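Thanks for coming. Please have the sequence and the model open while I talk.

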Amino acid sequence: NLLSRRTHRSFKLTKQRDYQVKLPMPGYTAFTGEVFTTIFKNKKIFLFLILIGMLLALASSSVMAQDRYLELIGTLRETVESTYGELFTLMGETGSIIITIFFNMFNNSSNELNPYIFLIGVLIWLCTVWIIRNIKAGKKVTIRNALYNSGGPIISSSLVLLTGVLQTTPAIMAVGIYAIANQSGVMENGAAAMAISMALLGLVILTLYWLTSTFIALIIVTLPNMYPMRAIKLAGDLVSGIRLRILYRILWAFLVLAFFWAIILGIFISLDILLRLWLEWFMAVPLIPFVILTMAVVSVVFLCVYIYMLYLEIVEARHERIS
């Protein structure tokens, strides 16, 4: 009955009557405000969860070392001073560090990745799903119950997450092809550069298209007696016909996170630069690595609450459409 559940077919034009799925979806800013309101109303339990996640990450050494950060600062300082001048050195150094940190997050080599960070991320995700599900059900929630009861689907969630990692293969291929083309000088030719860029953009779009249902599957797989492949199938059915509308809202969540990362990191990096100039002993204080770790855990919690509440909106809209 796949055709009755999903009317779209690969390499075949879908008729207009089949792809027009009219479902009431929440607005971007209004829905984001609702997510923040839910988090702040239950800030105590979420703060405990964030603290536990940070302690686990610190115990597994999943945090940038202070000496590595200071080395990064030293490498950028001379370039920034020669580029921006003394007046704008602080702003230029802060911006350069933020860009470098974001770049390193997406370009870490495999030997630098801590295998424990994957497990910690899954545990934080499962705890957050358990907490927000019980909050929405009107039940009393404690951090102890969340830690004891949320870890059941860890294997099935890891398999769904592994599927998501495999779905990023087109984007990884695009990055590799672009690097090879850039080094070989092919990108210097305007026509060739345009053709390669369009093809690589298509690979990135394909990855985003696949990952849309995987984010929803990470919520569905936490339901009782749910298997990974069934969760992936149900998520695909749920987003059928409205995949792009869901994708736009997930990209909006990442845009919101990037905005807060830039603002908060900018403030603390500027403060760190000034304090290291004024106080010699502050060189040994790992302020920025600690801020990055905090923001990473907060981002996982926010993204989980956002996607879970989006999942509820989709389910309710589908139910109203059927009824």
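I will go through confidence, then the helices, then the core, and end with one serine.

This is a predicted model, where local features need pLDDT of at least 70, side-chain atom pairs count only at pLDDT 80 or more, and totals for chains, interfaces and linings use all residues. Residues are numbered from 1 along each chain as its sequence is written, and side-chain values use heavy atoms, with hydrogens and water left out.

Confidence comes as pLDDT, the predictor's confidence in each residue, from 0 to 100. The protein chain has a mean of 76, and 71% of its residues reach 70 or more. Over residues 82–88 the value stays under 50. For that stretch the model has three contacts beyond four places in sequence, a contact being heavy atoms within 4.5 Å.

Now the helices. The protein chain has 14 helices and zero strands; these are DSSP runs numbered from the N terminus, H or I of at least four residues for helices and E of at least two for strands. Of the contacts in the protein chain with a separation of 6 or more, 79% are between residues 24 or more positions apart.

Take helix α9, residues 154–167, as a check on length. The expected span is 1.5 Å times one less than the number of residues. For the 14 residues of α9 that gives 20 Å, and the end C-alpha atoms are 20 Å apart, so the two agree.

How much of the protein chain is buried? Of its 323 residues, 39% are, where buried means under 20% relative accessible area, exposed over 50%, and partly exposed in between, with a 1.4 Å probe and protein chains only. In α9 the buried residues include S156, V160 and Q167.

Next, the core. A nonpolar core is a set of buried Ala, Val, Leu, Ile, Met, Phe, Trp, Tyr and Cys residues joined through side-chain atoms within 4.5 Å. The largest one has 66 residues, and I131 and I216 have the most contacts inside it. Helix α14 gives the largest share, 19 residues. Leaving out residues up to four places away in sequence, I131 touches I45, F46, L49, V141, I143 and A146.

Last, S213, in helix α11. Is S213 buried or exposed? It counts as buried, because its relative accessibility is 9%. Beyond four places in sequence, S213 is in contact with A235, G236, V239 and R243.
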